[in-house]
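Have the structure open as you read.

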Amino acid sequence: MSVPDAPGWVASDRQRERERFRRARARRSTLVALTSTVALTAVIVLGVRSSPGWPRVRQSFFNPQVALDSLPDVLAGLWLNVRVMVVCAVLIVVLALALALARSLRGPAFFPLRALAAGYVDLFRGLPLILVLLLVGFGLPGLRLQGIPTSAVTLGALALVLSYSAYVAEVFRAGIEGVHPSQVAAARSLGLTRGQTMAHAVLPQAVRRVVPALLNDLISLSKDSGLISILGAVDAVRAAQIQTAEHANFTPYVVAGVLFVLLTVPLSRVTDALAKRSGWLAAQGALTAGTVR
Amino acid sequence: MRRGPAAPAAPAGGGPLLRVQQVRKTFGTHVVLDGVDLDVEEHAVVVLIGASGSGKSTLLRCIDLLEEIDDGVIELAGTDIADPRLDADVQRARMGMVFQQYNLFGHLRVIDNLTLAPRLVHKVPADQARADALAMLDRVGLADKARAFPDELSGGQAQRVAIARALVGRPELLLLDEVTSALDPELVGEVLTLLAELKSTGLTMLLATHEMAFAREVADEVCFLHAGRVHERGTPAQVLSDPQRERTQEFLRRITG
């Protein structure tokens with residue numbers, strides 16, 4: 001907390017002494033952190049490099065020439081992952097929201113819809129993703145029915161959407177149920193209908209609440225988008241596999257791994273930035289806490 | 001304001017604006033309201049007092065149709081609003097409700113809290129709703145907070161916004177549920193002052209409160225709720241200063257210490 005510049009206010013000697021002490025302590029802390037970091041890094045680097053297997057590890061996993069050679073293909077593959085991820089994320093959110101809303105509908109007329117949504121969630125949350133991928137990716141085209149896509153990418157994306165929407169629907173439902181009933185009472189007391197209350201009072205707050213959980217699922221999706229490679233789509237994983245076979249070296253896998261990590265880090269930063277916006281976390285009843293020593 | 005000062009439709013046949021007769025409400029086996037009778041005349045302020053759990057909040061929520069009653073009649077300006085054949089949303093829009101914990105929409109700015117219902121329910125054009133809302137905020141002394149989010153307000157400010165939000169739809173009746181109970185003592189005054197001002201404009205109010213001094217000053221009638229019924233009623237002077245029934249005396253002794 002910074003001290004406001006009130007006119008006519010001069011820091012007391014005692015306060016100046018406190019600040020001197022804090023500055024000195026901060027300098028000392030920085031120095032200690034720096035020293036311990038350098039020391040630990042040195043120990044790790046020396047330890048690893050002097051270990052008997054290191055030259056082979058470096059040759060097999062961290063070969064710069066192989067990394068450079070395989071990078072274009074792996075990157076091209078990653079671009080496919082990104083596109084699959086974005087398209088799937090949009091479809092998943094839409095489908096999951098529809099499922100969550102279907103489950104929150106009241107009234108006897110909606111019973112079949114509620115039951116259907118519940119059944120869908122139970123089924124696709126219980127099925128291993130890899131089974132869904134195999135069934136959809138190899139099973140559907142095998143039916144030779146009209147209008148069924150045959151592209152590995154489309155089928156893989158379909159399987160991802162089927163599986164993930166069940167998870168994300170539950171996230172949305174938890175968010176909807178987590179909004180305090182008093183918010184519903186306030187909206188209904190103003191004369192809003194059930195639907196208007198859901199759309200304007202409950203859902204906006206529910207969505208804000210579940211953004212961190214959704215982000216978690218998005219990161220998970222970005223990695224699972226690599227599973228479409230088992231259907232034959234040449235994504236980052238498959239490209240790395242091909243490059244690994246060509247060079248008889250595992251560095252392309254490491255390259256793909258680093259790229260996936262780099263892909264997910266900005267996602268976390270975006271949510272953090274969102275969460276700092278005023279009125280965004282307010283829905284969670286978050287209080288501004290003071291700094292505690 | 002858009003449609004002049006608070007001027008609800010006169011009740012048919014000149015009866016009270018709100019008539020509550022033999023209202024019963026149970027939660028499971030717990031009987032909360034056991035035949036409540038209550039009238040609120042137009043422009044009157046009726047105060048509900050009673051111990052925690054005496055059914056004050058439940059009664060207000062039943063009147064606002066937030067709870068379904070088990071039996072009895074609730075008439076607003078001659079209409080039996082608890083009739084399931086009526087559109088409850090339309091009936092709710094005729095009343096305003098202010099809650100103990102403000103219940104402002106945390107994701108909306110103050111101005112959007114106020115314009116939400118006019119735009120969605122009353123189909124007021126956006127710029128008109130905005131103008132109405134700003135006028136109402138000005139009336140509660142918070143025009144400068146229009147762009148703030150609810151979590152940036154003090155308790156007293158939040159409650160004044162909640163009152164403004166309930167009023168901007170031009171309710172025929174304003175229901176207030178212990179609107180000062182969540183406030184720090186020094187913030188209670190600003191809300192009570194506002195309510196006294198609203199009374200002077202002729203607004204009809206039914207409120208539950210623990211503020212006996214305020215009830216004495218503003219109420220036209222005080223109703224003491226006990227065991228799910230109106231146990232004693234009368235002017236503030238009668239009920240608060242000269243209670244006739246033992247339970248009322250006991251309650252007043254306890255809260256005044």
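Predicted model: local features only at pLDDT ≥ 70, side-chain atom pairs only at ≥ 80, totals over all residues.

The crossing in which α3(A) passes α9(A) is right-handed.

Which residues make this contact? From α3(A) come Val66(A), Asp69(A), Ser70(A), Asp73(A), Val74(A), Ala76(A), Gly77(A), Leu78(A) and Asn81(A), while α9(A) brings Ala236(A), Arg238(A), Ala239(A), Ala240(A), Gln243(A) and His247(A). Sorted by class, the contact of α3(A) with α9(A) holds 7 nonpolar, 5 polar and 3 charged residues.

## A closer look at α9 of chain A

Helix α9 of chain A covers residues 236–247, which is 12 residues. From its first C-alpha to its last, α9(A) reaches 16 Å, close to the 16 Å expected at 1.5 Å a residue. Its buried residues are Ala236(A), Val237(A), Arg238(A), Ala239(A), Ala240(A) and Gln243(A). Just after α9(A), Ala248(A) takes a positive phi of about 50°.

Now turn to helix α6 (residues 152–178) and helix α8 (residues 194–224), both of chain A, whose axes come within 8 Å and cross at roughly 150°. That angle makes α6(A) roughly antiparallel to α8(A). Their crossing is right-handed.

On the α6(A) side, the residues that meet α8(A) include Leu160(A), Tyr164(A), Tyr167(A), Val168(A), Val171(A) and Phe172(A). Among their partners in α8(A) are Val202(A), Leu203(A), Ala206(A), Val207(A), Arg209(A) and Val210(A). The residues of the contact of α6(A) with α8(A) divide into 16 nonpolar, 2 polar and 3 charged.

## Leu140 of chain A

Is Leu140(A) partly exposed or buried? Leu140(A), which lies in helix α5 (residues 129–142) of chain A, is partly exposed, because 16 other C-beta atoms lie within 10 Å. Leaving aside neighbours within four places in sequence, Leu140(A) is in contact with Ile148(A) and Leu155(A). From C-alpha to C-alpha, Leu140(A) and Leu155(A) are 8.4 Å apart in space, and they are 15 residues apart in sequence.

## Where chain A meets chain B

How many residues does each chain bring to the contact? Chain B gives 21 residues and chain A gives 20 residues. On the side of chain B that touches chain A, α2 (88–92) and α3 (110–120) of chain B each supply at least two residues. The most comes from α3(B), with 3 residues. By class, this side of chain B has 11 nonpolar, 5 polar and 5 charged residues.

That helix, α3(B), is mostly covered, with 8 of its 11 residues buried. The buried residues in α3(B) are Val110(B), Asn113(B), Leu114(B), Thr115(B), Leu116(B), Ala117(B), Pro118(B) and Leu120(B). What covers them includes α8 of chain A, together with α4 (126–139) and α5 (155–167) of chain B.

Notes
Residues numbered from 1 in each chain as written. Chains lettered and ligands numbered in written order. Axes fitted to C-alpha atoms, helices over the stretch in contact; angles between N-to-C directions. Helix = DSSP H or I, 4+ residues; strand = E, 2+ residues; numbered from the N terminus. Parallel < 35°, antiparallel > 145°, perpendicular 65-115°, else oblique. Left-handed = near helix turned anticlockwise from the far one by under 90°. Contact = placed C-beta atoms within 7 Å. Nonpolar A, V, L, I, M, F, W, Y, C, P; charged D, E, K, R; others polar. Expected span 1.5 Å × (residues − 1). Buried ≥ 20, exposed ≤ 12 C-beta atoms within 10 Å, placed from the backbone.
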